[in-house]
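These are my notebook entries on a structure that I had not examined before. I record in turn what I looked up and what I found.

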Amino acid sequence: MPSQFFGLNIAYTGLLNSNAAINTTANNIANAETEGYSRQQVNSQASEALRVWATYGCAGAGVDTLSIERIHDEFYDSKYWHNNTKAGEYAMKEYYMLQIEDYFKDDSTIEGFTTVFQKMMDGMAEMQKNPASDSTRAQFIGLAGNICEYFRSMANSMEQVQKDANSELKLKIDEINSIASELATINKQINVIELSGSKANELRDNRTLLIDRLSAIVEVDAREYPITDTNDPDRKTGGWQYIVKLSDGMTLVDTDSYNTLTCIARTQDEKANQSDIDGLYDVYWITNLNTGALGDKFNIYNPSIGGEIKGLVQTRDGNNGENFHGTVTSVAGNRVSDPTDKHYGQKKITVSVTADFLKDMDKCKLSNTGGSIVLANEEYYYTDWTYNRDDDGNVTYDIWIDEDKNGAVLTGLKIGKEAEMGKAVSYQGVPYYQQQLNEWVRIFSNAFNSILKDGYTKDGQAGVALFVGDHAVDEEQWLFDGPEYKKYAEGADKLFGPTNDYAVSVNKDDDSYYMLTAKNFNILSAMISDSGLLATKTDAASGTDDYSNVLRLNDMVKNNKVASYRGAATQEFLTCILSDVALNSKNARTFKQNYENIGKSINNQRISISGVDHDEEAMDLIKYQNAYTMASKMIQTLSEIYNRLILETGV
Amino acid sequence: MRITNKVIQNNSTSNININKILQDKLNNQMSTEKKIVRPSDDPVVAIRALRLRTNVSQVTQFYEKNIPDAESWLKITEDALTSVSSVLTDMIEQCTKGASEKLTATDRNTILDALTQLRDEVYATGNADYAGRSVFTGYRTETTLKFTTGETLKYSITEQLHNDNLDSITYVKKGVIDTINEVNFNTAPYNAIVEQDVEESTICRMRLAYSSIDDTDKPVIKTYDSTAKSYVEFNAAADTEIISQNADPNPYDVIKKYDDNNAGDKFILVPETGELLMTKSAYEKLMKLKDESSTAVIDEGEIQIEYKKSVWDKDDLRPEHYFACSANPGTADEIKYNADYLKGIHEKQSIEYDVGLNQSIRVNTTADEVFKHSIGRDVDDMIASMQAVIDMEATLGKLEAMQKEYNSGDAEYDVIQKQLDAANKAFTLLKEKNQKLFESGITKMQKHLDDANYATTNCGTRENKLDLIKNRLMSQKTNFETLQSDNENIDLTDVAIQLSGAELTYQAALMSVGKIMQQSLMNYI
């Protein structure tokens, strides 16, 4: 027979339980719109029945309020994170592709390449009608100057995009660091709370939110393991080990400790591409937080790195998978010993290449200030290179290595091994567009200038180049009178066309068309003040109105047999490149939208489980209010019973 | 699935946003009238737009700039050619007058003056210019067709002639009759003049393009040698002489003597008249030359004559428009003109304007088609011949006046009578020669007129062709613009309908969200 006061106790547990439930409902309603909040519910269980040794068996002992727990399915979290990584990557790409697309735009509102070029061609048409007139020639030269201006501004815009992506990369790396440190703190707090047996619901929600943010930046793998008693592996201590790993398998956060990353700017002699801006960042792990000592390079070029970082890196360094690579065919036995040689103290290696884009100097984007070269997985630094082509069109590069820079000794063991500069990043990012701009200006200027140099001015003087490159440091210009890696000559069918089936050797410092980039593209300064230098005729003694050379120029622009950019005539530049830009931009947008939509639907699934519903909570409110009222009524009833029993029964 | 308020909120936001995106797109299309805002909206449209824009711009350049320019150039040319035709018609008229048998001394003088003026007028027309650019001079628009002032500038000229440029002239040997006067008539050699001294003969010659040739350098005559495969000198240098018109004996007598003596291939340059006299044997040899049709470039019939000329009259045509020549030969300032001519390449300096896609039209007419040297040289011959008649008539008058001073039977009277007989014979012969020359002059001038008319017609034909092209370009331009519009521009009705559809959907979405979001169970507690 249970105690007469047992009922009061039971009612009391009911009161407690309802109270907890009402409070939880209040908390749920209060946090209905809080981001990342998971609804909580009170877990209750009927208390263990009291064996009362009566015929009717055990007596129910009320309710045990076990815990308040959040309702959350972590399976959807990892699905969300994985998708969020993709969404982050394409959001970044979309953002930068929109910018690039805007720069290349050419329509009725913005004058792009085709408009500017067509104006130049109209100027050429006027000049063809009246080559003797100073004003038509000056007008043409002015319009040609606009083409140069267009390319220079494009080069600057591309640099700006690269610069923006680079700075944003640093911001994102900093954000990773800050999230890592927050995660470590939260993990510690969760363990403190949960080791004492309760649930750290809000902290866990916060942690999920942090990983949500982190997953947009970079692909993460977050896992939680229960900490078990070492002596008794089956017993859980209540603590948790929480490990966050990045794509390269390195641990970013391990419960309450974390690692950080840092950005180190490349120096000028570490440039990967000729047109790269100075100070592009490489990312390193920091091994010691106190000293800041650098550890391994964080491989940002890992294709599975994911997230905004991947979008940024591909925008910044995307070269369409075209980086310098070849096979080492010879390694000099000794360093250059002649102190007067510009390669004094360096070792020459020869690398033979087979890729078409490396054989064609118009496409060359090797750094002109030195850089790093990986020989059979070992990094070296080079200072100078020379391009060599033999009669059969085979191409090798002589590269001078400075062994002191990384202290490694270069031996003949590298012969036959792979040599690589920069990374193959198979996306059409800034370096790709820069290379396309450079390639066009080189092809176009070379063909244009060759025709001019083969002709005569109206006064019968030998022609000079019109399209040249500005020096970076002084007021002089590159006139390309060094070795010619591609020559133009009049063919048998009177067509002015390119030939490159002859041996040639071009050093990076030679005054060759390699020196010409979209950034320094300009017209000959002497031509601005004296339009008479423009070669308009092919016969020195014919009259001033002989326009035969203008005809050849006109033909060159329209004829892909004379000057061919991507197989098309040079005037087709924008149609070639705009298809790249537009398709990339369209792809980025489509993928971003797709992943965002998928993200929304996964998030809705998460919300479907964890979200607070007003109607439910209102119902809970009534439900628990009723339960509370009932329990308190119970106490009141029992109180009346005790009153009856104690004061009125048998007294 | 459990639908919470948040799920409804999310879905509503996303749906309303989709509606807004569509509205934004349609709004942009409505306000810009363009299908796309950025290339990535539709890369195909964007790239096609670039191509079409280039096409429209090119056609516009042709239609609005090149064609009007070509039209004005052709117009100027045509005007000049028309006036050349009228000058040549006048010349024919003068020739017809000159060919008449009954001419007085005054008539002759009038014809002489008229011819001299007309000759200058023909070449002056050749100096026509279009906005400061000489129109008949090919690419050399900066130089006029003829010298505008007298100049001294040494040229070495190589004329490329054929046997049809060889001709024979009638030479009237009149001895010293022209120089008889009251004082010297009865002295030697004048007192020995008899009628038999005056005689007529035929002399072969080649007329060069210019008179007043330098007498310092012997002309070099070259013909093609099939064994040496090049043009080599036709005769030894010693067989070519330079003899002035005023020398005694004069060059015509010398060449006649060579002929009479069968002296072989001899040439004599008369620098004042620009005639290259030759013996009959040389003439016959040169006449046998002809072009072999088997060789395309080499002309075996060609006779190259190289000579120098330094003094230029203001009415001389500039040689660089016609011949392979060089100015200041042998000096550092030497400029070689038309060197290709000697290699058999005669590329006309035709100025062509692009007036359509892969379509060009020649706008200029070059001087060699109309303003030939032979016009002036033919007139020169006629003037010289007419002048000789006038001079002889004057001599006759003078002799008759002198004879009146003496009486019949005087020794002087008889001397003068003999001289008069000789002069009369010379006068008759010269008149006869002159009449024939003017008769043939009619034919020659008619030929020149035909050339001028042909060039005018040619010019007109090109103007007609240009008109056709212009019309076609007009329709091409419209065509491209239509394509451009089809490609880039929206159909306003279409978009307007879509927009009202989008608006309706948007309203509906807002209404349903508004209704749903307002209410919850809380409202009823």
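This is a predicted model: local features need pLDDT of at least 70, side-chain atom pairs count only at pLDDT 80 or more; totals for chains, interfaces and linings use all residues.

**Entry 1. A loop residue in chain B.**
I looked up Asn191(B) and found its place in the loop between β4 (166-173) and β5 of chain B. Is Asn191(B) buried or partly exposed? Its relative accessibility is 32%, so Asn191(B) counts as partly exposed. Leaving aside residues up to four places away in sequence, I listed its contacts as Phe185(B), Asn186(B), Val415(B) and Gln419(B). The side chain of Asn191(B) reaches the backbone oxygen of Asn186(B) at 3.1 Å. I then checked Gln419(B): 228 residues separate it from Asn191(B) in sequence, while the two C-alpha atoms are 7.9 Å apart in space.

**Entry 2. A residue in strand β5.**
I turned to Ser201(B), which is found in strand β5 (residues 199-207) of chain B. Ser201(B) counts as buried because its relative accessibility is 13%, and the cut-off for buried is under 20%. Not counting residues up to four places away in sequence, Ser201(B) touches Ile169(B), Thr170(B), Tyr171(B) and Lys256(B).

**Entry 3. A sheet in chain A.**
I traced an open sheet of three strands in chain A, with the order β20-β19-β24 and antiparallel pairing. Its edge strands are β20 (477-478) and β24 (521-523) of chain A, each of which pairs on one side only. Strand β19 (residues 467-470) of chain A runs antiparallel to β24(A) and is joined to it by three bridges. I looked up Val468(A) and found that its bridge partner in β24(A) is Asn522(A). Helix α4 (residues 134-195) of chain A packs on the sheet and touches β19 and β24 of chain A; its direction makes about 165° with that of β24(A). Helix α8 (residues 430-454) of chain A also packs on the sheet, touching β19 and β24 of chain A, and its direction makes about 130° with that of β19(A).

**Entry 4. Salt bridges within the chains.**
I counted 86 salt bridges over all chains. One of them joins the side chains of Arg552(A) and Glu490(A), at 2.8 Å from N to O. This pair links distant parts of the chain, 62 residues apart: Arg552(A) is in helix α10 and Glu490(A) in strand β21 (residues 487-490) of chain A. Arg552(A) counts as buried at 12% relative accessibility, whereas Glu490(A) is partly exposed at 42%.

**Entry 5. Where chain A meets chain B.**
How many residues does each chain bring to the contact? I found 57 residues from chain A and 47 residues from chain B. The area buried between the two chains is about 4,400 Å², of which carbon and sulfur atoms give 50%. Between chain A and chain B there are nine salt bridges; Lys129(A) and Asp69(B) meet through their side chains in a salt bridge of 2.5 Å, N to O. The elements giving two or more residues to the side of chain A that touches chain B include α2 (74-104), α3 (113-129) and α11 (573-610) of chain A. Of these elements, α11(A) gives the most, with 17 residues.

Notes
Residues are numbered from 1 along each chain as its sequence is written. Chains are lettered from A and ligands numbered from 1 in the order in which they are written. Side-chain values use heavy atoms; hydrogens and water are left out. Two strands pair if DSSP finds at least two bridges between them. Helices (H or I, at least four residues) and strands (E, at least two) are DSSP runs, numbered from the N terminus. Contact means heavy atoms within 4.5 Å. Axes are lines fitted to C-alpha atoms, for helices over the stretch in contact, and angles run from 0 to 180 degrees between N-to-C directions. Buried means under 20% relative accessible area, exposed over 50%, partly exposed in between (1.4 Å probe, protein chains only). Buried area is the accessible area (1.4 Å probe) that two parts lose on being put together, summed over both. A salt bridge is a side-chain nitrogen of Lys or Arg within 4 Å of a carboxyl oxygen of Asp or Glu. A polar contact is a pair of N or O atoms within 3.5 Å; within protein, one must be able to donate a hydrogen and the other to accept it, and residues adjacent in sequence count only if both atoms are side-chain atoms.
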